[in-house]
Amino acid sequence: MTSTAELEMMPRSYLIDQYEHLISAPPPKGISTPLLCRLVAYEVQAARYGGLPLRTRNKLQAIASDQAVVPAGSSLRSGSRLVRDWNGVTHVVDVAKGGYRYQGRVYRSLSAIAREITGARWSGPRFFGLKGTS
């Protein structure tokens, strides 16, 4: 197996066998075949070229366990993107020089965007998961 295209041609049973071989565990119940294909392709690539750096893996683990906190001293760089689901709608905010772009408008603060989305006063950094909830 050398490419995702080749994996996409394989039967689901083959992908499950490959997943179990690479992960040493069965795939999650109900996983779609296209997602299973992508996971196998990633694991093959990670085995061949190396996986994510430890720092990135730790950040992802913190996010997955809902313990992600961005340190207070950190700042968002221009070009960063924040994504938040609210009431079944995905909201995307792009960090721009001197502000935040949301739905074609530039805002000076994340709190203004959070207020626009929710209709209530929120801490913008907290709403977008940039600060802890304590």
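Which helices are among what covers the buried residues of α3? They include α1 (4-8) and α2 (12-23); helices here are DSSP runs of H or I with at least four residues, strands are E runs of at least two, and both are numbered from the N terminus.

This is a predicted model, in which local features need pLDDT of at least 70, side-chain atom pairs count only at pLDDT 80 or more, and totals for chains, interfaces and linings use all residues. Residues are numbered from 1 along each chain as its sequence is written, and side-chain values use heavy atoms, with hydrogens and water left out.

Select α3, residues 33-49. Its buried residues (under 20% relative accessible area, 1.4 Å probe, protein chains only) are L36, C37, V40, A41, V44 and A46. After α3 comes G50, with a positive phi near 105 degrees.

Next, select H91 in strand β2 (residues 89-96). H91 counts as buried because its relative accessibility is 9%. Its side chain makes a polar contact of 2.7 Å with that of Y102; such a contact is a pair of N or O atoms within 3.5 Å, and within protein one must be able to donate a hydrogen and the other to accept it, while residues adjacent in sequence count only if both atoms are side-chain atoms.

Move to Y102, which is buried at 3% relative accessibility. Y107 is buried too, at 9%.

Finally, show R84, which lies over the face of F127 at 4.2 Å from the ring centre.

Conventions: Expected span 1.5 Å × (residues − 1). Buried < 20%, exposed > 50% of the residue type's maximum accessible area, 1.4 Å probe, protein only. Contact = heavy atoms within 4.5 Å. Lys NZ or Arg CZ within 6 Å of the ring centre and 35° of its normal.
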